[in-house]
Structures are given as structure tokens and as C-alpha cells.
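Please look over the structure below before reading the points.

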Amino acid sequence: MTDSTANPGTPATPPAPPVLLPLPLGQPFIWLARGARDVVSAPGVSLFYGVCFWAMALLLGWVFRARPEYTMSLASGCLLVGPFLAMGLYETSRRREAGLPPSLGESLTCWDRHVSSMAMLVLALIVLELLWGRASLVVFAVFFNTGMPSTTGVVQAVFNPQNWQFVLAYAAVGGLFAGLVFCFTVVAIPMILERDTDAFTAALTSMRVVLDNPGTMLLWGALITLLVGLSLLAWGAGLLLVGPLLGHATWHAYRSALAPA
């Protein structure tokens, strides 16, 4: 009789690639509605992460005004902390979906089983952020050949209609790098959390989701930008709500984009 047990010397079959699902154009509004329900169901956990996001925004704004030369360094630090905070929100949504009670302790430690994948993803984000900063400096150098302006000068330059060429170039560079970050991470961290996949596979899957659903993901990116922009108007206090809302909604975006493992 033939032995059906696999030969120990035979390499293990690689896991099948994730199956992507089509995303109708109106899906981002459904993700926000589901995210809002998660915020209401776990108000304490959501408020904790909202305070963390608000504190990061306040600190970044203070450094930009007081010591602008350290802004990029602090932004890199935020990129280190931000994904781990976001994973806590994803874990809270995952637990609610599974019928488990929300737990701040579980949300704070859920990343410890995925340290290597998260470290690689964060490293890639920092590299992109450094390239973004370098490209921004090049734009400033081209349009301000008398030297880098002060913090006040930067604000005046951005809002001066006479500098429309600079504003256009600066926005184009920022939009390019922000788009890359969005494409590589839109479902990557929730995927790492649920499937314990490596950072490369998660980022590649995230890119596939964007390329397969360009209209829907463009709308999702625009909604994220709009909500974050509005939340920053009152000294960033809107992040108390918008930060957790977008975190929970991102989990539902992931669940809608990929078939169950």
C-alpha cells in the first residue's frame, strides 16, 4: 500500500497567494461605518489610541515650530511608533469580529508575535520617509537659492500665491511619496496581524489591492487625507476620534479586500 505521508526530505509546499476580492466604489463609506461601530463598542480602547495619536501630532507640531531641524527625526520616530499603535486598533476590531471582548492589554501586546515582519515593514517606511525628506530638500533648494527659509518662511512660501510653481512641485513630490506609503501599507499591517505573513508578501499584496481597485482605493486615500486634514484644524484634537476611526476602518478594508485565509 502506498504511504500517503509526505517525504520528510520533500520541501514544504509554499502557501497559496492571497485571493483578492473586488471592491465596489462605495466600499470606503461602509468601512468608515463599521469602524464607527467599533469605536462605539470599545470606547475606552479607542480613546486611549486617540490620545496617543493626538499627543504625537502635538509634539510634532511643537518641534516644527521650535526646532524645525529635528522635525524629520521626530517624524521617523512617529513612523516607528505609529504602525504598532495602528495594529492595536486592528486587534480590537479583530476581537470584536470574533465575538471577544475588547482588551487594551491584548491590543498593546498583539505585535509581539510579529516583531520581525513589523520591523522590516517599519524599516521600509523609514527609508521612504528619508527619501521623501531628501526630495523635499531638493525642491526647496531649487526654488530658494538663497538658502533654506525659516519655519515662518516655509509657511509664508506655501501659502503665497506667487509661489504656485513651488507649491505645485512640493505637493507633487509629497503626493508621490504619500501614495507609495499608502500603496504598500493599506492592508499590509492587518494582514501581518491575522496571517503572520512576512513584510514583503504583505506589502506586495497591498500593492495588488490598489492596482486591482484603483478607483475605490483612490477614494479611500482621499477620504483618509480629508479626515486627517480636518482633524488637524483644532490643534489636532480631531485625532481623538479620527485616529481610532480610521484604524478600525482599515481593518474592515483589509477584510473586504482579501478572501478569508
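The numbered points below go from the overall fold to particular side-chain contacts.

1. Basis of the note. This is a predicted model, in which local features need pLDDT of at least 70, side-chain atom pairs count only at pLDDT 80 or more, and totals for chains, interfaces and linings use all residues. Residues are numbered from 1 along each chain as its sequence is written, and side-chain values use heavy atoms, with hydrogens and water left out.

2. Overall fold. The chain has 11 helices and zero strands. Helices (H or I, at least four residues) and strands (E, at least two) are DSSP runs, numbered from the N terminus. Read from that end, the elements run α-α-α-α-α-α-α-α-α-α-α. Of the 261 residues in the chain, 40% count as buried. Buried stands for under 20% relative accessible area, exposed for over 50%, and partly exposed for what lies in between (1.4 Å probe, protein chains only).

3. Helix α7. The buried residues in α7 are Phe166, Val173, Gly174, Phe177, Phe182, Cys183 and Thr185.

4. Aromatic pairs. Rings of Phe, Tyr and Trp (its six-membered ring) pair if their centres lie within 6.5 Å; planes under 30 degrees apart count as stacked, over 60 as edge-to-face and the rest as tilted. The count by this rule is six aromatic pairs. One of them is edge-to-face, because the rings of Phe84 and Trp111 have planes at 80°, with centres 5.5 Å apart. This pair links distant parts of the chain, 27 residues apart: Phe84 belongs to helix α3 (residues 71-97), while Trp111 sits in the loop between α4 (104-109) and α5 (115-143). Phe84 is partly exposed, at 25% relative accessibility, and Trp111 is partly exposed at 31%.

5. A stacked pair. How are the rings of Trp132 and Phe177 arranged? Their planes are at 15° and their centres 6.3 Å apart, so the pair is stacked. Trp132 is partly exposed, with a relative accessible area of 27%, whereas Phe177 is buried at 13%.

6. Cysteines. How many disulfides are there? With a disulfide taken as a pair of cysteine sulfur atoms within 2.5 Å, the count comes to zero. Cys52 is partly exposed, at 21% relative accessibility. Cys183 is buried, with a relative accessible area of 16%.

7. A nonpolar surface patch. Met120, Leu123, Val127 and Leu131 make a nonpolar surface patch of about 380 Å². Patches are made of residues with over 30% relative accessible area and no salt bridge; like charges are joined within 9 Å, and nonpolar side chains (Val, Leu, Ile, Met, Phe, Trp, Tyr) within 5 Å. Accessible areas come from the Shrake-Rupley method with a 1.4 Å probe, and for residues only the protein chains shown count as cover. Met120 lies in helix α5 and is exposed, with a relative accessible area of 52%.

8. Salt bridges. Side chains of opposite charge can pair when their charged atoms come close. A salt bridge is a side-chain nitrogen of Lys or Arg within 4 Å of a carboxyl oxygen of Asp or Glu. The whole structure holds six salt bridges. In one of them, Arg255 meets Glu97 at 2.9 Å, N to O. Arg255 is in helix α11 (residues 239-257) and Glu97 in helix α3, 158 residues apart, so that pair links distant parts of the chain.

9. A network of charges. Which residues are linked in a network of salt bridges? They are Glu97, Glu194, Arg195 and Arg255. The side chains of Glu194 and Arg255 meet at 3.1 Å, N to O. Glu194 lies in helix α8 (residues 188-195), and the two residues of this pair are 61 residues apart. Arg195 forms a salt bridge with Glu194, with their closest N and O atoms 3.9 Å apart. As for accessibility, Arg255 is partly exposed at 26%, Glu97 at 40%, Arg195 at 22% and Glu194 at 32%.
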